[in-house]
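Work through the following exercises with the sequence and the model in view, and try each task before reading its solution.

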Amino acid sequence: MSNVYRESISALDWGEARTVKTGAAPVIVVGHKNPDGDSVMSALAYAYLMRALGYNVVARMAGPANKETDFAAKTFGFELPEVATSVSSEDCLILVDHGDYAQSVDGARNARILQVIDHHGIGDIAESRLLYAKYMPVGSCCSIVYTSFRELEVEIAPTVARILLAGLLTDTLNLVKVTCTEVDRMVYNELVNLLAVADNITYHEEWEKIQKIYEGMSRAAKNFDGMTDEEIFDSDAKDYCINGVQFRLGSMDWDHPETIECFLDRMLKVMEGRGLMFCRVGYLEHSFILYNGAPLGSDAPAFAKNAAESAFGPSLRPGVIYCEHRLSRKLDVVPMLTKVL
């Protein structure tokens, strides 16, 4: 099967980037805007994989790294990619961790897209020429990249193992997130074992090291010090276009009972005057859904309220819906809004 996979990749229109020796402009591997750790790490690891196959490929970030990603890179010991907030029609792209133009780097709609590697629903990426796409129902895009290494029989160096593990940790919340699958757990165990061998320690000793690193990553992810409310909201917000309706959906957690109402009000304030906006706020074992606005060009003041209440139930107060369960943006919020819209 390795040869079949390699031939499928080779059949793409790589142009002068077919070999790393040409010195031509490289193909860019890039994740979504407002990148999280999985988006950045999957781009880094997949670029390494394509270079190992002989293609001229580089990883880029579609925006600055967040605090959790910075912490993971420094602690695991690898360099983050450069930031590229836009591309041109001359660029060739490999998209990881997303498949929607609304979430892609600016200019992606006019660029040549060679591949899409993703674990979300199939988006609106359209390409008239040959395109390779790999979608898997897993909790982390890094788990998909890991399977590609194995299927293509490319050795995973310790540095790449750390990159993949960092992305897997952040997108599965150390294997406890509801989106985590048995595939993610298998990949996690194999990466820990690979690193234990490289570090010449036992599996349990390596696992303990990783637990401590994740504790630091988790603290960094929840550290909003020095950030404006708008930066907090946009730190993990994604843009969507469903049935012609464009909206932005934020996602964050706040586990402080004494300040939860104040935090909700702060996020609602950020959402004012920015078109159609929704936000998932995870709170202890529950969730709040925030809503505001209407699609651009619409004068329906109750659009967000009607959509949110149809999807999630009655409002607790204006702009706020309380949900008994801890909702996932990918598994719950986006599908429920999609059904309504």
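The model is predicted, so local features need pLDDT of at least 70 and side-chain atom pairs pLDDT 80 or more, while totals for chains, interfaces and linings use all residues. Residues are numbered from 1 along each chain as its sequence is written, and side-chain values use heavy atoms, without hydrogens and water.

**Exercise 1.** Describe how helix 4 packs against helix 6.

Solution. Two packed helices are described by the angle between their axes and the distance between the axes. Helices are DSSP runs of H or I with at least four residues, and strands are runs of E with at least two, numbered from the N terminus. Helix 4 (residues 141-151) and helix 6 (residues 182-199) pack at about 65 degrees, with axes 10 Å apart; axes are lines fitted to C-alpha atoms over the stretch in contact, and angles between N-to-C directions run from 0 to 180 degrees. Next, in helix 4, Ser143, Tyr146 and Arg150 meet Asp184, Val187, Glu190, Leu191 and Leu194 of helix 6, where contact means heavy atoms within 4.5 Å.

**Exercise 2.** Where is Asn34 placed, and where is Leu173 placed?

Solution. Asn34 is in the loop between strand 1 (27-30) and helix 2 (37-52), and its phi is near 45 degrees, a positive value in a residue other than glycine. Leu173 is in the loop between helix 5 (158-172) and helix 6, with a positive phi near 50 degrees. Most residues other than glycine have a negative phi.
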